[in-house]
Structures are given as structure tokens and as C-alpha cells.
Amino acid sequence: MIEVRLPQLAEDVDESLMVLWFVSVGDFVEKGQPLVEVQTEKAVSEITAENSGTIQEIAVKRGDSAKVGDLLATIDPDGAPGQEAVAKDAQPTQESSRETESKGQEPSSFVRVSPRLRRLAKDLGVNLESVKGSGPQGFITEEDIRDEAGL
């Protein structure tokens, strides 16, 4: 199992808030894919997968805080796309609430964009769901947002 731990995001910051999980237990992730958006007092950052595999556990739920070095999630590197996680089946009530939370976030999970670009899109009145990303892995770039706004 690969453990995803909260990295030191800044010298003077030792705790972060989990703002949005882009993945759920059982999802297959590729190396470099964003897993979670975290917020400190000064910035919002994305934590990406350092390896490909299947998400086995999400240890810190959305809205909770974690300290540097805390376990955020585990990834099974042997997991294949479409493989269901069985490690956490012993806790179906928590699992169901996580699935409900992620379904409520569904539109956001498909639009992968930095907070700065999210703000730019809002300022320009651009609906991010209508923007086709031209960046790596379909990520939305500043140019994509400006093009959609007609600038």
C-alpha cells in the first residue's frame, strides 16, 4: 500500500483543511492526478497521486483538518481500473456517506482547475463546465478561460 501523507506546504504551516476530494474509495488514479484540494491560512493547494493505483482508504474526510505527516489516503498500486476496493467494506455507513458527499460534488470533480483560475472564470462570468481544457490531461488553462470569455 502507498500512503498519501500531508506534505509540508509552507515553512510556517503545519495544518491544512481538506476542502474537496476529487476521488472516492475504489477509484483508479493515475500518477500526477489531483486527489484532494487542501487549504491553509495562506493558500489553496492540490495534493496529487505519486503513483497509479486504486484508492483503498480516505482517512481524513472533507471539512476536517490534518497535520503535516498525517495519513490522508492509501493507494493500492496493484489495483486496476474498475477494481472495487474491499478494504473498507466493514464500514458501510461511513462509505455510504462518503459516496453521497462525492456525488454532491460531482460537477466540481470533473472540472480540474486551480483556485486562481476558478476565480478568474468567476470574474469573467465563464461557466467552467463549458470550457474544454487544452492543458495536460485535459486541465483547463488561463488561455482556455479567456478564449471562452471572448478575450
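## Salt bridges

Arg146 is partly exposed, because its relative accessibility of 32% lies between the 20% limit for buried and the 50% limit for exposed residues. The model described here is predicted. Arg146 forms a salt bridge with Glu142, and their closest N and O atoms are 3.0 Å apart. Both residues belong to helix H4, where a spacing of four residues separates them by about one helical turn. Glu142 is likewise partly exposed, with a relative accessibility of 27%.

A search of the whole structure finds two salt bridges. Besides the pair in helix H4, the side chains of Arg5 and Glu3 meet in a salt bridge with an N to O distance of 2.7 Å. Arg5 has a relative accessible area of 39% and is partly exposed; Glu3 is also partly exposed, at 46%. In general terms, side chains of opposite charge can pair when their charged atoms come close.

## Negative surface patch

Asp14, Glu15, Glu41 and Asp70 form a negative surface patch. One of these residues, Asp70, is placed in the loop between strand S7 (65–67) and strand S8 (71–76). Asp70 counts as partly exposed, with 32% relative accessibility.

Gly53 is found in strand S6, which covers residues 53–58. Its relative accessibility is 0%, so Gly53 counts as buried. Apart from neighbours within four places in sequence, the contacts of Gly53 are Asp27, Phe28, Val29, Ile75, Asp76, Pro77 and Gly79. The C-alpha atoms of Gly53 and Gly79 are 5.0 Å apart in space, although 26 residues separate the two in sequence.

Thr74 lies in strand S8 and is buried, with a relative accessible area of 8%. With neighbours within four places in sequence left aside, Thr74 is in contact with Ile2, Glu3, Thr54, Ile55, Gln56 and Glu57. Among these contacts is Glu3, the salt-bridge partner of Arg5.

## The loop between helices H3 and H4

Val126 is placed in the loop that runs between helix H3 (115–124) and helix H4 (142–149). A relative accessibility of 12% makes Val126 a buried residue.

Leaving aside neighbours within four places in sequence, Val126 contacts Ala121, Val131, Ile145, Glu148 and Ala149. Val126 and Asp147 are 21 residues apart along the chain, and their C-alpha atoms are separated by 9.8 Å.

Terms used
Residues numbered from 1 in each chain as written. Predicted model: local features only at pLDDT ≥ 70, side-chain atom pairs only at ≥ 80, totals over all residues. Heavy atoms only, no water. Patch = residues over 30% accessible without salt bridge, like charges linked within 9 Å, V, L, I, M, F, W, Y side chains within 5 Å. Areas by Shrake-Rupley, 256 points an atom, 1.4 Å probe, with all protein chains shown as cover. Salt bridge = Lys/Arg side-chain N within 4 Å of Asp/Glu carboxyl O. Lys, Arg positive; Asp, Glu negative; His and termini not counted. Charge placed at Lys NZ, Arg CZ, Asp CG, Glu CD. Helix = DSSP H or I, 4+ residues; strand = E, 2+ residues; numbered from the N terminus. Buried < 20%, exposed > 50% of the residue type's maximum accessible area, 1.4 Å probe, protein only. Contact = heavy atoms within 4.5 Å.
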